[in-house]
Amino acid sequence: PDLNLKDPGLLTDANMIAGEWVRAPKGGDGIDVTNPADRSVIARVPKVSAEQLKKAIAAAKAAMPAWAARPAKERAALLRKWYELIVENADDLAKILTAEQGKPLAEAKGEILSNAGYLEWFAEEAKRLYGDVIPTPSTDRRILTLKQPVGVCAAITPWNFPNGMITRKAGPALAAGCPIIVKPASQTPLSALALAVLAERAGIPGDIFQVVTGKASDIGTEFCTNPDIAKITFTGSTEVGRKLLRDSADQIKKLSLELGGNAPFIVFEDADLDAAVEGAMMAKFRNSGQTCVCANRIYVHEAVVEEFTKKLTEKAAGLKLGRGEDEGTQQGPLIDDAAVAKMEEHLKDALDKGATLHTGGERSELGGTWFKPTVISGVTQQMKLAHEETFAPLAPVIPFREEAEAIAMANDTEFGLAAYFYTRDLARTFRVAEALESGMVGINTGLIASEVAPFGGVKQSGLGREGSKYGIDEYVEIKYLAVAGM
Ligand code: ADP
């Protein structure tokens, strides 16, 4: 299919391995990449062989010393160039992303531009990877620290942000002096491969930024067991995160894990209700509910729950469903049938246990994997969706009476990625923010990600932070020098 790209060279079906573009053998094994809007096949990408994967890892290892030895200013300039090329080509990258993932074109471009910001940010941070000179308890020695790259990194990324989850990881890795090998989600590899095209054009060596596609479990196992991989950075499900942690235990690998969430969204009685509805729309329905920081449970004080639900219902019912590339589309299709099945399971469970349906509740007449944005009320903690991430356009409203009750329900989960609340009370702002068990808290906002802020979770939502001055710490080791004999 013609994606109508200004630069057709950005659409490639080849992997970048050891500095070379590698295609799937003709008629051989490959993975079809389909458009979730109509299931048409866009491209066929390779299933990397075991030898090719080992070759990629060996190439990264061999290339690392020279990369790490380059002055930070040079690595920074290359990252900056890559960032600029992404910005210049954002329209084409958005078309590729929408074709393989389904989200509205404007959202795709938003993902690309905001996450390219991580390359810009870490290009700047590369130059500021300072060590310390520490005051010493004795006069005959000095104590210094150096920050050194952790080693060859492997990234495994998800389909919900096919472009942005890569720049977030590659930025700090390359800035710190580490090569990185990316395995994108099989549903959405074309955005990753397009990024590799631009990395090459920016002058980043093809053994420093590599992309391989193929069977997730085989690639994951190689990453976890190959001694030349020092670090794995993963965004995806908690289940796969646990497996990676387990499988890399023998080699004590460093891991950054950005796993599932189950974000609570609390609306207190003193909130600006219209702002809270706006925020809930962003936090719930962005990417058709398929983000790890999506509001999964909406707790609303009983004094305002009726009015809130009414307003939320009106807005949700007004969302325009359609193909991502069509003008005005606000809700694309869900990624696949399994995503729709989970939505239906959570909805049925809630309705069976007494929830009330306000809007949606069924698949769209567009067919495929479109599901109508859905609002339900009268939800309780006994329902499945209170404990599992729905990852779909289902907004469940749960009433509460007391602040302490809202906090207790919000924290009643093994996850702790994002949380949101709306209030105009300053004391409550700090009280609640401090009590919520989550890595990130949006206060009077439903949008929190930024390259200048630390993104990540507590509890079973993960390990480590992406972005901010802390983000690069995940890609360095601190070496302590005791200098004596003076
Ligand atoms: P999702 O539910 O969002 O698809 P997954 O955790 O299954 O979440 O997928 C996130 C990424 O992890 C994808 O790149 C996927 O291919 C990869 N993945 C899935 N299973 C495994 C596995 N056993 N080992 C390594 N990576 C995996």
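**Exercise 1.** Which residues in α4 and which in α5 meet in this predicted model?

Solution. Start with the α4 side, which supplies E111, I112, S114, N115, A116, Y118, L119, W121, F122, A123 and E125. On the α5 side, the partners are G164, T167, R168, G171, P172 and A175. Next, sort the contact by class: it holds nine nonpolar, five polar and three charged residues. For the geometry, the axes of α4 and helix α5 (residues 164–176) come within 8 Å and cross at roughly 5 degrees. Angles under 35 degrees count as roughly parallel, and α4 is therefore roughly parallel to α5.

**Exercise 2.** Describe how α2 packs against α4, giving the angle, the handedness and the residues in contact.

Solution. Helix α2 spans residues 72–88 and helix α4 spans residues 105–125. Their axes lie 8 Å apart, at an angle of about 165 degrees. The cut-off for roughly antiparallel is over 145 degrees, so α2 is roughly antiparallel to α4. The crossing in which α2 passes α4 is left-handed. From α2 the contact takes A76, L79, R80, W82, Y83, I86 and V87. From α4 it takes I112, L113, A116, L119, E120, F122, A123 and E124. Counted by class, the contact of α2 with α4 has twelve nonpolar residues, three charged residues and no polar ones.

**Exercise 3.** Determine the relative direction of α3 and α6, and list the residues that meet.

Solution. Take the geometry of helix α3 (residues 90–101) and helix α6 (residues 189–202): the angle is about 160 degrees and the axes are 8 Å apart. By the cut-off of over 145 degrees, α3 and α6 are therefore roughly antiparallel to each other. In α3, the residues involved are L93, I96, L97 and E100; in α6, they are L190, S191 and A194. The class count for this contact is five nonpolar, one polar and one charged.

**Exercise 4.** Characterise the shell around the ligand by nearest residues, contributing elements and residue class.

Solution. The ligand has 14 residues around it, and A216, G220, G236, S237 and V240 come nearest. Two elements give two or more residues to this shell: α7 (216–225) and α8 (238–247). The largest share, three residues, comes from α7. By class, the shell divides into six nonpolar, six polar and two charged residues.

**Exercise 5.** Which residues does UniProt list for "domain: Aldehyde dehydrogenase", and what is the helix and strand content over that range?

Solution. The unreviewed UniProt entry lists residues 23–480 for this domain. Over residues 23–480 the chain is 40% helix and 19% strand. The C-alpha atoms at the ends of the range are 45 Å apart.

Key:
Residues are numbered from 1 along each chain as its sequence is written. This is a predicted model: local features need pLDDT of at least 70, side-chain atom pairs count only at pLDDT 80 or more; totals for chains, interfaces and linings use all residues. Axes are lines fitted to C-alpha atoms, for helices over the stretch in contact, and angles run from 0 to 180 degrees between N-to-C directions. Helices (H or I, at least four residues) and strands (E, at least two) are DSSP runs, numbered from the N terminus. Angles under 35 degrees count as roughly parallel, over 145 as roughly antiparallel, 65 to 115 as roughly perpendicular and the rest as oblique. A crossing is left-handed if the near helix is turned anticlockwise from the far one by less than a right angle, and right-handed if clockwise. Two residues are in contact if their C-beta atoms, placed from the backbone, lie within 7 Å. Ala, Val, Leu, Ile, Met, Phe, Trp, Tyr, Cys and Pro count as nonpolar, Asp, Glu, Lys and Arg as charged, and the others, Gly among them, as polar. A residue is near a molecule or strand if its C-beta atom, placed from the backbone, lies within 6 Å of it. UniProt positions are given in the numbering used here, feature names are shortened, and annotations may be inferred rather than shown by experiment.
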